[in-house]
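Subject: Model handover and notes

Hello,

Here is the model I said I would pass on. My notes on it follow below.

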Amino acid sequence: MDMQVRPYDRTHHMTDEIVEEAGKSVDAARYLPYYLTTLSSAFSWGASKVFRAEFGIGLNEWRMLSSLRNEPGIRAQRVCEMVSMNKSLVSRSARSLEERGMLTERLSQGQRLMWLTPAGADMHDRIIKIALEREAAMLEGFSATEQDQLFAFMARLHDNLAKVDTVDETYLEK
C-alpha cells in the first residue's frame, strides 16, 4: 500500500500579526525565580562536570554521599527530604554507589537503612574539599556579616516554600 507523505503545511498556522510590545513580562533583575534558577543551574552544572571529571561521581551521587556522611544509617525517604531528590533518583544513585562499593544497605527493625562504606566516606571526604572551595568562590566579596544575612534570608525563603505551595494548591484545585 503506497502512502503519500505530504510536507507539513505551515501556512495554516501562520498569521501576519505579531506583538511588538516589549517589557510586559517579569524584570529578571527583580524576579527571584530567575536568580534562584540561574544560580542553581550554573552552580550544579559546574559541580557535576568537576565531580564527574575528577571522581566519576555525578551530583546526585554526591548528594547521597553528603547526606549519609551527615546522617549515617537513614532511609531513602530521609535522603529525599534532606536534598530534595525524588525517590527514584535516590534509588538509582544508591544502586550506583552500592555497585561501586561506596554504600551498603542493611535491615534494622524492618527498615532498610543506608550506610557509607569506608570507600564511600573516603570519596565524600575527597569531594567535599572541592565543594567547599566552590562555595567559597561563590561567597567571595561577602563579609562574614553579609554571609550570615544571606543564609538567614535563604532560610526564610526556604520557610516560605509552604506559602508558595498554598498558592499552587489554589490553582491545582480548580
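Two strands are said to pair if DSSP finds at least two bridges between them. Strands themselves are DSSP runs of E with at least two residues, helices are runs of H or I with at least four residues, and both are numbered from the N terminus. This is a predicted model, in which local features need pLDDT of at least 70 and side-chain atom pairs count only at pLDDT 80 or more, while totals for chains, interfaces and linings use all residues. Residues are numbered from 1 along each chain as its sequence is written, and side-chain values use heavy atoms, with hydrogens and water left out.

The hairpin

β1 (103-108) and β2 (111-116) form a hairpin with 2 residues between them. The pairing of β1 and β2 is antiparallel and runs over 6 bridges. Within it, L107 stands opposite R112 of β2. Q109 sits in the loop between the two strands and has a positive phi of about 55°, although it is not a glycine. Most residues other than glycine have a negative phi. Q109 counts as exposed because its relative accessibility is 81%; the cut-offs are under 20% relative accessible area for buried, over 50% for exposed, and partly exposed in between, with a 1.4 Å probe and protein chains only.

S84 lies in the loop between α3 and α4 (87-99), and it is exposed because its relative accessible area is 67%.

Helix α1

The 24 residues of α1 should span 34 Å at 1.5 Å a residue, and the end C-alpha atoms of α1 are 33 Å apart, which agrees. The expected span is 1.5 Å times one less than the number of residues. Buried in α1 are S44, G46, A47, S48, F51 and F55. These buried residues pack against α2 and α5, where contact means heavy atoms within 4.5 Å. L39 is also in α1, but L39 counts as partly exposed because its relative accessible area is 44%. From L39 to R69 the C-alpha distance is 25 Å, and the two are 30 residues apart in sequence. After α1 comes G56, with a positive phi near 70°.

Helix α2

S67 is in α2. S67 counts as buried because its relative accessibility is 2%. Apart from its neighbours within four places in sequence, S67 is in contact with I74, V79, M82 and V83.

Helix α5

α5 covers residues 118-139, 22 residues in all, and reaches 31 Å from its first C-alpha to its last, close to the 32 Å expected. α5 has a kink of about 25° centred on I127; the bend at a residue is the angle between axes fitted to the seven residues ending there and the seven starting there. I127 is also among the buried residues of α5, along with G120, A121, M123, H124, A131, R134 and L139. The cover over these buried residues includes α1 (32-55), α2 (59-70), β2 and α6 (144-159). Just after α5, G141 takes a positive phi of about 90°.

The largest pocket

The largest pocket has a volume of about 1800 Å³. A pocket here is an open set of points on a 1 Å grid over the protein atoms alone, where a 1.4 Å probe fits, with protein on both sides within 12 Å along at least five of seven lines; lining residues have an atom within 4 Å of a point. Grid points are joined across faces, edges and corners, and the volume is the space filled by probe spheres set on the points.

The lining of the largest pocket has 36 residues, and L36, S40, F43, F151 and M154 lie nearest its centre. Two or more lining residues come from each of α1, α2, α3 (76-83), α5, α6 and α7 (161-172). Which element gives the most to the lining? α1 does, with 10 residues.

Regards
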